[in-house]
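Dear colleague,

Please find below the sequence and structure that I am handing over to you. A summary of what was found follows the display.

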Amino acid sequence: MAEPDRDATDDAETLRRFFAPDGRLHTMPTRHLKRRFVLDHIAQRFEPGRQYAEREVDAVLKEIHEDHAALRRYLVDDGFLARENGVYWRSGGTVEV
């Protein structure tokens, strides 16, 4: 999800600032645009059109950060994942064509 005034260099720098080399998130950005960019990056781990049980979502998010429940909440609140009756699916974020 590149912003109009962002470029690939900005994107790579943002990822380096918030993710460790092993891919784990060490800090959630406080600035809304950066947080949405980080959440979009995380949402890429979920396949569009596929439904996930909560335990599957948690398993993916535990690979990224120990507070997987907070990440799940951010993803839902910011529209990257939707949830109904314990089933989740990707509802936002960029999609590579």
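**Helix packing**

In this predicted model, helix α2 (residues 32–43) packs against helix α4 (residues 68–77) at an angle of about 105°, and their axes lie 10 Å apart. Axes are lines fitted to C-alpha atoms, for helices over the stretch in contact, and angles run from 0 to 180 degrees between N-to-C directions. The two helices are therefore roughly perpendicular (65 to 115 degrees; under 35 is roughly parallel, over 145 roughly antiparallel, and the rest oblique). R35, L39, I42 and A43 of α2 meet L71, Y74 and L75 of α4, where contact means heavy atoms within 4.5 Å. The residues of this contact comprise six nonpolar, no polar and one charged (Ala, Val, Leu, Ile, Met, Phe, Trp, Tyr, Cys and Pro count as nonpolar, Asp, Glu, Lys and Arg as charged, and the others, Gly among them, as polar).

Helices (H or I, at least four residues) and strands (E, at least two) are DSSP runs, numbered from the N terminus. Residues are numbered from 1 along each chain as its sequence is written, and side-chain values use heavy atoms, with hydrogens and water left out. Local features need pLDDT of at least 70 and side-chain atom pairs count only at pLDDT 80 or more, whereas totals for chains, interfaces and linings use all residues.

**The sheet**

Three strands make up an open, antiparallel sheet in the order β1-β3-β2; two strands pair if DSSP finds at least two bridges between them. β1 (51–53) and β2 (81–84) are at the edges with a single partner strand each, so one side of each has no neighbour in the sheet. From one strand to the next, the twist averages 30°. Helix α3 packs on the sheet and touches β1, β2 and β3, its direction making about 85° with that of β1.

Four bridges pair β2 with β3 (residues 87–90); A82 has W89 as its bridge partner, and R83 has Y88. These strands form a hairpin with two residues between them, and N85 in the turn has a positive phi of about 50°.

Buried means under 20% relative accessible area, exposed over 50%, and partly exposed in between (1.4 Å probe, protein chains only).

**Residue D58**

D58 lies in α3 (residues 54–62). D58 counts as buried because its relative accessibility is 12%. Beyond its neighbours within four places in sequence, D58 is in contact with H68 and R72.

Yours sincerely
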